[in-house]
Amino acid sequence: MDKRNESSNTDLILLGLFPDMKHVNFLVCAILLIYTMALTSNSILILLIWVDSHLHMPMYFLLSQLALMDMTLISSIVPKMATDFFSGKRNISLVACGTQIFFFLTVGIAECTLITLMSYDRYVAICNPLRYTLIVSQKVCLQMAAISWAGGALTSLAHTAYAMHFPICGSREIPHFLCEIMSILKLACDDVSAYEKALVVTSIVVLLIPLSLIMSSYALIFLAVLHMKSPKGRDKALATCFSHLTVVCLYYGPAMVVYMRPSSYHNPRLDQVLFILDPILTPLLNPLIYSLRNKEVLGALRKVLTS
């Protein structure tokens, strides 16, 4: 009995997915279906890039890293949410909460970095095609992936450790289906206003600066496309740019709304909707966006299916 009381006094409580919503079980089942489809589609995309020599190019290597990040991101959220829902247990230990925050932030920041580097890859491919293989070499691709993962992990580690060190008092209930850094700060006893400002600064660095670099790259890309004489080359360049820009909107839109608002403007219901759109729905859409408009990926898929 003492151990149970001790656990209840130290653990946090996740209120789950829209606790006031009727028939939420249908939504949970839909999310589990999305999770299964996201894992399957991203795994297939990674497999195609791995086995087909025609896809052994920098763009597809970076795309495979994005697919791997998507699988990690959605897997850090959905299994725990589904387990809590079907088991009826809502508690989560501080260690497990900190671990979930760390993985979620690591992959989120890594994806923002990688998407920015992917825009640079498209810029070099379209604006400097003759020097593309020299500038974006295999070594450079590995460095891009390493920078994305390492940068995300180091930034996430600093924020997770600092956010979790605040003492928690009063209600230990989190109106969310996952441990999220802004929700944890609302439970802190200490004044966290200074840290919230630091979090906004980090959001500017992680979101706005990369987004401005992406927009700058595409401004130069569209200028180059306008000067292309070949309609076929222009259409191919625009197709790859459209896919990447769609992914940029899917990632940056919800993330900016979540992390660049003052804490007083946060609404639990809106936050949950945004977290369904960004880290749950986006991993399903990404492989579809890049595959359905890409003849090389579709060709590789047909080759595997017919072999």
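Which helix gives the most residues to the lining of the largest cavity? In this predicted model, the answer is H5, with six residues. The setting of that cavity is best approached from the chain as a whole.

The chain has twelve helices and three strands. Its radius of gyration is 21 Å, close to the 19 Å that the globule rule gives for 307 residues, so the chain is as compact as a globular protein of that length. Along the principal axes, the C-alpha trace spans about 75 × 45 × 35 Å. Of the 307 residues, 45% are buried.

Rolling a probe the size of a water molecule over the atoms shows where empty space is left. A search of the whole structure returns three cavities of 30 Å³ or more, and the largest of these has a volume of about 380 Å³. Its lining consists of 23 residues, of which Leu-105, Gly-108, Ile-109, Ala-255 and Tyr-259 are the closest to the centre. Two or more lining residues come from each of the helices H5 (94-127), H9 (193-226), H10 (231-259) and H11 (268-292).

A kink of about 30 degrees is found in H9, centred on Ile-204.

Key:
Residues are numbered from 1 along each chain as its sequence is written. This is a predicted model: local features need pLDDT of at least 70, side-chain atom pairs count only at pLDDT 80 or more; totals for chains, interfaces and linings use all residues. Side-chain values use heavy atoms; hydrogens and water are left out. On a 1 Å grid over the protein atoms alone, a cavity is a set of points where a 1.4 Å probe fits but cannot get out, and a pocket is an open set with protein on both sides within 12 Å along at least five of seven lines; lining residues have an atom within 4 Å of a point. Grid points are joined across faces, edges and corners, and a volume is the space filled by probe spheres set on the points. Helices (H or I, at least four residues) and strands (E, at least two) are DSSP runs, numbered from the N terminus. The bend at a residue is the angle between axes fitted to the seven residues ending there and the seven starting there. The radius of gyration is taken over C-alpha atoms; the globule rule is 2.2 Å times the number of residues to the power 0.38. Buried means under 20% relative accessible area, exposed over 50%, partly exposed in between (1.4 Å probe, protein chains only).
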